[in-house]
Amino acid sequence: MSDQNPNAAWRMGGITVQDVEDYIYSLLPPRDEVLAEMEAEAAKYKIPIIGPAVARVLYQLAIIARAKRVFEMGSAIGYSTIWLARAVGEGGRVIYTDGDKKNADKACRYFERAGVSDRITIRTGDALELLSEEKEPYDIIFNDVDKTDYPRVFRMALPHLKSGGLFITDNVLWSGRVAKPKPDAETKAILELNKLMYQSPDVFTTILPLRDGLSVCVKK
């Protein structure tokens, strides 16, 4: 399977021109056997994963932040979870959350094969409810849940993030639909989140126009 396959689950379209996107993906080094298998599965069954280009950004940000505690909201088969678990290193902890037990079971098997299961706590259920139960602040909260929940996630996540911590959200450009007239409910929620992030005095926000748009907020 080629990274340049425009039908792959992580190739959303509508953000950068196709030739530029193809070029970015052509530069990426091959992933290991587990990640490559997950990418193939996602492409075949249209499972939403962030894909290798965004995953590298996530990994890089976790390294820069020296993150040791990460809460992931909406983990699916655990593709991004593995990248985060490798970034936090030994002694780090990533909380995987998903509402589908089948996803969680599949992710667990991938974690074991990737050699990072000791760094990951698997929790099934509503990610917002699970986050609300947390007591200690996190270095990174990664948001990739249902889009209609995005504004609520932002308001809930900030108190659970340490000063200097990162709130990262996927799909904030939504295949370019954020710039189109007559937005649907999901797009309206993303538009509200983007406005909240940029207007909030509590964070400093940037949107990266990579893949489907990745926002990065640093809590002040």
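I began just after H4, where Gly 89 takes a positive phi of about 70°. A note on names before I go on: helices (H or I, at least four residues) and strands (E, at least two) are DSSP runs, numbered from the N terminus. This is a predicted model, so I kept in mind that local features need pLDDT of at least 70, that side-chain atom pairs count only at pLDDT 80 or more, and that totals for chains, interfaces and linings use all residues. Residues are numbered from 1 along each chain as its sequence is written, and side-chain values use heavy atoms, with hydrogens and water left out.

I stayed in the loop between H4 and E2, where Gly 91 lies. Is Gly 91 buried or exposed? Gly 91 counts as exposed, at 76% relative accessibility. The cut-offs I used are under 20% relative accessible area for buried, over 50% for exposed and partly exposed in between, with a 1.4 Å probe and protein chains only. I also checked Gly 91 against Tyr 150: they are 59 residues apart along the chain, and 30 Å separates their C-alpha atoms.

Next I went back into H4 itself. Nine of its 10 residues are buried, so H4 is largely enclosed by the rest of the structure. Among the buried ones I noted Tyr 79, Trp 83, Leu 84 and Val 88.

Which helix did I pair with H4 (residues 79-88)? I took H5 (residues 101-114), which packs against H4 at an angle of about 35°, with the axes 10 Å apart. Axes here are lines fitted to C-alpha atoms, for helices over the stretch in contact, and angles run from 0 to 180 degrees between N-to-C directions. The crossing of H4 and H5 is right-handed, meaning that the near helix is turned clockwise from the far one, while a left-handed crossing has it turned anticlockwise, by less than a right angle.

For the residues that meet, contact means heavy atoms within 4.5 Å. On the H4 side I found Thr 81, Ile 82 and Arg 86, and on the H5 side Tyr 110, Phe 111 and Ala 114. These contact residues divide into four nonpolar, one polar and one charged. The classes I used put Ala, Val, Leu, Ile, Met, Phe, Trp, Tyr, Cys and Pro as nonpolar, Asp, Glu, Lys and Arg as charged, and the others, Gly among them, as polar.

H4 also lies across E1, E2, E3 and E4, running at about 170° to E2.

**The sheet**

How many strands form the open sheet? I counted seven, in the order E3-E2-E1-E4-E5-E7-E6, with mixed pairing. Two strands pair if DSSP finds at least two bridges between them. E3 (120-124) and E6 (203-208) stand at the edges with a single partner strand each, so one side of each has no neighbour in the sheet. The twist averages 15° from one strand to the next.

I then walked through some pairs. E1 (residues 69-73) and E2 (residues 93-98) are parallel over three bridges; Arg 69 stands opposite Arg 93, and Phe 71 opposite Ile 95. E2 and E3 are parallel over five bridges, and Val 94 stands opposite Ile 120 there. E1 and E4 are parallel over four bridges, with Ile 140 as the bridge partner of Val 70. E4 and E5 are parallel over five bridges, and Phe 167 in E5 is the bridge partner of Ile 141.

Burial was my next check. E4 is mostly covered, with six of its six residues buried. Five of the six residues of E2 are buried, so E2 is largely enclosed by the rest of the structure.

**Crossovers**

E1, H4 and E2 make a right-handed β-α-β unit. From E2 the chain crosses through H5 to E3, again as a right-handed β-α-β crossover. E4, H7 (residues 150-157) and E5 make a right-handed unit as well. Right-handed means that, with the strands pointing away from the viewer, the path from the first strand over the helix to the second runs clockwise.

Last, I looked up residues other than glycine with positive phi. Ser 175, in the loop between E5 and H8, has phi near 55°. Arg 211, in the loop between E6 and E7, also has phi near 55°. Arg 211 counts as buried, at 4% relative accessibility.
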